[in-house]
Amino acid sequence: DEPAVAVEEVSVFPGIQLSFRDYKGEKCCLRHHAEEGVMHIHHSKDGRMGWKMNDGMTYYLGPGDLLLHMSDCCAGSEMNFPLGYHRGLSIAIDLDILTRETPEILKEAGIDGSQLYRKFFPEGRPVAMAASDKIEHIFSELYDLPDQVRLPYFKLKVQELILFLSMMEMPKNREMGLQ
């Protein structure tokens with residue numbers, strides 16, 4: 001049984017799409033083409049998700065957790081929802097477009113798509129990050145904003161997230177949350 005899925009998508013910058021996702025059900029199979037050079041960042045708001053990627057590994061996300069991966073990792077993957085639901089958001093970033101059309105704040109910091117790719121995906125494997133106060137600070141307000149400030153706020157928070165990711169030290173165990 002495929003779950004009920006509610007999706008709202010917002011274009012934030014050229015090549016950067018934010019999607020709110022609300023799943024209700026037991027599991028979901030993702031059937032999409034792998035988009036070359038597209039990085040996905042998933043934030044878990046509520047519920048729990050086990051995500052079996054194409055490499056055969058399963059990543060578990062609970063409230064506040066993040067999962068970063070390239071598009072080819074999830075094409076044809078399967079999600080399970082042990083609590084019967086999962087609510088979160090995804091940010092898709094076309095790293096080539098980010099490199100060509102870098103928002104000014106990120107440009108000032110020397111951040112581009114190729115730098116993010118080298119940092120997070122030297123082996124092409126997903127990176128899971130456990131919930132933290134810093135992650136919560138970035139995502140907490142994104143879910144319930146008044147309409148008139150949504151897009152400007154999304155632009156600020158996406159840039160803040162990219163700045164945060166560029167500054168963080170990569171853990172020795174790149175697969176936190178792996179079960």
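# Salt bridges, a sheet and a buried Asp

Colleague: What does Glu160 form a salt bridge with?
Modeller: Glu160 forms a salt bridge with Lys157, and the closest N and O atoms are 3.0 Å apart. A salt bridge here is a side-chain nitrogen of Lys or Arg within 4 Å of a carboxyl oxygen of Asp or Glu.

Colleague: What kind of model is this, and how are residues numbered?
Modeller: This is a predicted model, where local features need pLDDT of at least 70 and side-chain atom pairs count only at pLDDT 80 or more, while totals for chains, interfaces and linings use all residues. Residues are numbered from 1 along each chain as its sequence is written, and side-chain values use heavy atoms, leaving out hydrogens and water.

Colleague: Back to that pair. Where do Glu160 and Lys157 lie?
Modeller: Both lie in helix H5, three residues apart, about one turn of the helix. Helices (H or I, at least four residues) and strands (E, at least two) are DSSP runs, numbered from the N terminus.

Colleague: Is Lys157 buried or exposed?
Modeller: Lys157 is buried, with a relative accessible area of 7%. Glu160 is partly exposed, at 25%. The cut-offs: buried is under 20% relative accessible area, exposed is over 50%, and partly exposed is in between (1.4 Å probe, protein chains only).

Colleague: Which residues are linked with them in a network?
Modeller: The network of salt bridges links Glu141, Lys157 and Glu160.

Colleague: How many salt bridges does the count come to?
Modeller: The count comes to five. One of them joins Arg87 to Asp46, with the closest N and O atoms 3.4 Å apart. That pair links distant parts of the chain: Arg87 is in strand E9 (residues 85-94) and Asp46 in strand E4 (residues 38-47), 41 residues apart. Arg87 has 27% relative accessibility, so it counts as partly exposed. Asp46, at 28%, is partly exposed too.

Colleague: And what about Asp22?
Modeller: Asp22 pairs with Lys24 in a salt bridge, with the closest N and O atoms 3.3 Å apart. Asp22 is partly exposed at 25%. Lys24 is partly exposed at 47%.

Colleague: New topic. In what order do the strands of the open sheet run?
Modeller: Four strands form the open sheet, in the order E3-E8-E5-E6, and the pairing is antiparallel. Strand E3 (27-29) and E6 stand at the edges with a single partner strand each, so one side of each has no neighbour in the sheet. Two strands pair if DSSP finds at least two bridges between them.

Colleague: How many bridges join E3 to E8?
Modeller: Three bridges join E3 to strand E8 (residues 78-80). Cys28 stands opposite Met79 in E8.

Colleague: Now Asp65. Where does Asp65 lie?
Modeller: Asp65 lies in the loop between strand E6 (58-61) and strand E7 (66-70). Asp65 is buried yet has no salt bridge.

Colleague: Which side chain of opposite charge is nearest to Asp65?
Modeller: That is Arg48, 5.0 Å away. For charge, Lys and Arg count as positive and Asp and Glu as negative; His and the chain ends are not counted.

Colleague: What is Asp65 in contact with, then?
Modeller: Leaving aside neighbours within four places in sequence, the contacts of Asp65 include His42, His43, Tyr60 and Ala131. Contact means heavy atoms within 4.5 Å. The backbone nitrogen of Ala131 lies 2.8 Å from a polar atom of the Asp65 side chain.

Colleague: Last one. Where does Pro146 lie?
Modeller: Pro146 is in the loop between helix H4 (133-139) and helix H5 (150-167). Pro146 is partly exposed, at 43% relative accessibility. The C-alpha atoms of Pro146 and Asn54 are separated by 38 Å.

Terms used. A polar contact is a pair of N or O atoms within 3.5 Å; within protein, one must be able to donate a hydrogen and the other to accept it, and residues adjacent in sequence count only if both atoms are side-chain atoms.
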